[in-house]
Amino acid sequence: MNPQQRKQQNLTAIYQALLQLMTDKPMANIAITELCQKAHVSRTYFYRNYHSFDDIIIAFQEQNMLNYLRHLPNARKINLLELMTHYFELTKSEANTSKLLIKNGKLTILIKTFQTVFQLLIRQQRINNRTYAIFNEPYYLEFFSGAVVNVATDWLARGTPEPPEYLAQQVERFAHHR
């Protein structure tokens, strides 16, 4: 196993262990030693790679979203409608994890993850739509990221009654109404 694969394996192990512990108790009551033992990683590994549990969540969430996007067909360019459809599909498939993170007060991490990945797609010029310029306006990306993740959060709380495509259409409509 190469170093990159080992790093990914350790990140997955420590993230999954953190989620398992969070199902039993609030994150504030989880000890680093307990997490490391459950994940089968050393405390040295934890302190070398992370400053907090939030760092683990951010690293995994960003990696997960990027991996998902890499496996999309025709992933070179994507329009906003397609991107949002895939985002809501991923959100639905990860519903239990998202609800657990929200329950533990980590909504801002989900927003930050969305924003970071979206910014990366813009920088790489992978988003192909007519609203591209608006995302460069001051504070719009922050506003947009919060809006999308809050819509997803409410959708999850309601039990995902609408299909991901419907929510994507709503977000696209919203993005075009400046």
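## Helix α5 and what covers it

The buried residues of α5 are Leu-80, Leu-83, Met-84, Thr-85, His-86, Tyr-87, Phe-88, Leu-90 and Thr-91, where buried stands for under 20% relative accessible area, exposed for over 50% and partly exposed for values in between, with a 1.4 Å probe and protein chains only. This is a predicted model, in which local features need pLDDT of at least 70 and side-chain atom pairs count only at pLDDT 80 or more, while totals for chains, interfaces and linings use all residues. Residues are numbered from 1 along each chain as its sequence is written, and side-chain values use heavy atoms, with hydrogens and water left out.

Helices here are DSSP runs (H or I, at least four residues; strands are E, at least two), numbered from the N terminus. Helix α5 spans residues 80–93, and its 14 residues reach 20 Å from the first C-alpha to the last, close to the 20 Å expected at 1.5 Å a residue; the expected span is 1.5 Å times one less than the number of residues. Its buried residues are covered by elements that include α4 (53–70), α6 (95–103), α7, α8 and α9 (164–176), contact being heavy atoms within 4.5 Å. At the N-terminal end, Asn-79 caps α5 through a side-chain oxygen that lies 3.1 Å from the backbone nitrogen of Leu-81. A polar contact of this kind is a pair of N or O atoms within 3.5 Å; within protein, one must be able to donate a hydrogen and the other to accept it, and residues adjacent in sequence count only if both atoms are side-chain atoms.

## The nonpolar core

The largest nonpolar core has 55 residues, of which Leu-35, Ile-56, Met-84, Phe-118 and Phe-144 touch the most other members. This core draws at least three residues from each of domain 1 (1–50) and domain 2 (56–177), with bounds that come from an automatic or database domain assignment. Such a core is a set of buried Ala, Val, Leu, Ile, Met, Phe, Trp, Tyr and Cys residues joined through side-chain atoms within 4.5 Å.

Residues up to four places away in sequence aside, Phe-118 touches Leu-80, Leu-83, Met-84, Ile-127, Phe-135, Leu-141 and Phe-144. Ser-145 lies in helix α8 and, at 0% relative accessibility, counts as buried; beyond its neighbours within four places in sequence, Ser-145 is in contact with Ile-111, Phe-114 and Gln-115.

## Helix α1

Helix α1 (residues 3–24) has 22 residues and reaches 32 Å between its first and last C-alpha, close to the 32 Å expected at 1.5 Å a residue. At its start, a side-chain oxygen of Asn-2 comes to within 2.9 Å of the backbone nitrogen of Gln-4. Among the buried residues of α1 are Asn-10, Leu-11, Ile-14 and Leu-18, and the elements covering the buried residues of this helix include α2, α3, α4 and α6.

Residues 8–68 are 79% helix and 0% strand, with end C-alpha atoms 15 Å apart, whereas residues 31–50 are 75% helix and 0% strand, with end C-alpha atoms 14 Å apart.

His-40, in the loop between α2 (32–39) and α3 (43–49), has a positive phi of about 60 degrees although it is not a glycine, and counts as exposed at 72% relative accessibility.
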